Amino acid sequence: MSATPILTVDAFTDAPFRGNPAAVCLLDGPRDDAWLRAVAAEMNLSETAFVRPEADSFRLRWFTPAVEIDLCGHATLASAHILWETGRVKEGEAIRFPTRSGVLTTKRNGAWIEMDFPAKPAETAAAAPGLLEALGVTAKYVGRTQFDYLIEVDAEATLRAVRPDFRALREVAARGVIVTARSDEAAFDFVSRFFAPASGIDEDPVTGSAHCSLAPYWASRLGKKALIGHQVSARGGVVRVEAGDGRVLLGGQAVTVWRGELAV
């Protein structure tokens, strides 16, 4: 069996060692799920993307070290970046990714990569038992999206100070928890953090799929469709969003930091 290329990309950043690292594994054909899960566990990043050519598109799947997931923004961004960088797709061509969340389309816009994703708006909901206590916050808003809880807090300082009880948060029946607030900086419209211990990730550095919920949420509150989000994790990252009719345009940059191959 020939060696399989695998690369690490820092997504939603223009500088190495920031943003959210994703592994991108370039397959030449199908592999069984046990092998995919083992590779993702070996890479031990928040997500590993598996990409293989399929007719006029590239089949894309995402795995955390623990589970396969339905939607991932930063690993999609990383995959598109690698397909252009390695010449598997010509620089000016759009890329179509059939996924568990439908067909996702990516294109270049200068130094940025834009991704057309489904919107995942939140609906007002009661907080799950123990959720706010696990976060240690008082909520201005609690909502539930298809995947996550969405919680707005009163200020950026409150958001930055959150130190969750991850053991308690792991018991919440959701993929993860998005916590958000208005930004104190004029350069950004809103800030966020994302916690997903039930999916094997205590805190995700930058979460593209969470912005499928954050975009419609803040667009309705701020009265504009195009916004800039700053995910204020330790590594940090910037996501441009544009809320549309049932869709969200996510924009980010990416940097390749490691290239290698799987020998098995």
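Which residues of the largest nonpolar core touch the most other members? Select Val51, Trp62, Leu83, Ile95, Phe97, Val241 and Leu250: of the 53 residues in that core, these are the ones. A nonpolar core here is a set of buried Ala, Val, Leu, Ile, Met, Phe, Trp, Tyr and Cys residues joined through side-chain atoms within 4.5 Å. Buried means under 20% relative accessible area, exposed means over 50%, and partly exposed is in between (1.4 Å probe, protein chains only). The largest share of this core, 7 residues, is supplied by H2.

Before going further, some housekeeping. This is a predicted model, where local features need pLDDT of at least 70 and side-chain atom pairs count only at pLDDT 80 or more, while totals for chains, interfaces and linings use all residues. Residues are numbered from 1 along each chain as its sequence is written, and side-chain values use heavy atoms, with hydrogens and water left out.

**Stay in the core**

Now center on Phe97. Skipping neighbours within four places in sequence, Phe97 is in contact (heavy atoms within 4.5 Å) with a list of residues including Val51, Phe58, Leu60, Ala80, Leu83 and Leu104. Then color Val137, Val172, Val177 and Phe195, which are among the 20 residues of a second, separate core. As a general point, nonpolar side chains in soluble globular proteins tend to be buried together.

**Zoom out**

Show the whole chain as a cartoon. You'll find 6 helices and 18 strands; these are DSSP runs numbered from the N terminus, with helices being H or I of at least four residues and strands being E of at least two. Along its principal axes the C-alpha trace spans about 55 × 40 × 30 Å. For 264 residues, a compact globule would have a radius of gyration near 18 Å, and the chain agrees at 18 Å. That radius is taken over C-alpha atoms, and the globule rule is 2.2 Å times the number of residues to the power 0.38. Buried residues account for 56% of the 264.

**Strand E1 and its sheet**

Next, select residues 4-11, strand E1. Since 7 of its 8 residues are buried, E1 is largely enclosed by the rest of the structure. On one pairing, 8 bridges join E1 to strand E18 (residues 254-262), running antiparallel. Look for Ala11 opposite Ala254, and for Pro5 opposite Glu261. E1 is also joined to strand E2 (residues 20-26) by 6 bridges, again antiparallel, and there Leu7 has Val24 as its bridge partner. Two strands count as paired if DSSP finds at least two bridges between them.

**Two loops with a positive phi**

Most residues other than glycine have a negative phi. Click Phe12, in the loop between E1 and E2: its phi is near 65°. Phe12 is buried, at a relative accessible area of 2%. Then jump to Ala55, in the loop between E3 and E4, with phi near 55°. Ala55 is exposed, at 86% relative accessibility.

**Ala210 and helix H6**

Move to Ala210, in the loop between strand E14 (201-204) and H6. Ala210 is buried at 2%, and it touches Arg175, Ile178 and Phe194, leaving out residues up to four places away. Select helix H6 itself (residues 211-222); its buried residues include His211, Cys212, Leu214 and Trp218. Just past H6, Gly223 has a positive phi of about 70°.

**Last stop: the cysteines**

How many disulfides are there? The count is 0, where a disulfide is a pair of cysteine sulfur atoms within 2.5 Å. Show Cys72: its sulfur is 10 Å from the closest cysteine sulfur, in Cys212, which is too far for a bond. Cys72 is buried at 4% relative accessibility, and Cys212 is buried at 0%.
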